[in-house]
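Please look through the model below before reading on. My notes follow as numbered points.

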Amino acid sequence: MDIAAISTGLAMNDLRQQAGIAVLGQALDSAQQNSQAIVQMAQSIAQPHLGGNIDVRV
């Protein structure tokens with residue numbers, strides 16, 4: 001086997017892995033921001049006086 005080709009292949013694999021890790025990091029940050037926004041939205045629309053009683057008709 002050609003050592004230069006192996007070296008190039010390993011370097012490309014390393015680059016792909018680093019790019020994948022960077023993309024996953026960005027996705028994690030985005031998911032964290034989205035979840036924080038959902039929690040804030042849920043807290044802002046919470047109405048604790050609702051849902052305590054149920055009207056039942058027979």
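1. The protein has 1 helix and 0 strands. Both are DSSP runs, numbered from the N terminus: helices are H or I with at least four residues, strands E with at least two. The radius of gyration is 26 Å, well over the 10 Å that the globule rule gives for 58 residues, so the protein is more spread out than a compact globule. That radius is taken over C-alpha atoms, and the rule is 2.2 Å times the number of residues to the power 0.38.

2. A caution on the source. This is a predicted model: local features need pLDDT of at least 70, side-chain atom pairs count only at pLDDT 80 or more, and totals for chains, interfaces and linings use all residues. Residues are numbered from 1 along each chain as its sequence is written, and side-chain values use heavy atoms, with hydrogens and water left out.

3. The C-alpha trace spans about 85 × 30 × 10 Å along its principal axes. Val-23 sits in helix H1. Its C-alpha is 48 Å from that of Ile-54, 31 residues away along the chain.

4. How much of the protein is buried? Buried residues account for 0% of the 58. Buried means under 20% relative accessible area, exposed over 50%, partly exposed in between (1.4 Å probe, protein chains only). Val-23 counts as exposed because its relative accessibility is 52%.

5. Ile-45 belongs to helix H1, residues 3-45. Ile-45 is exposed, at 59% relative accessibility.

6. Pro-48 lies in the segment after H1. Pro-48 is exposed too, at 78%. Between Pro-48 and Gln-32 there are 26 Å, C-alpha to C-alpha, at a sequence separation of 16 residues.
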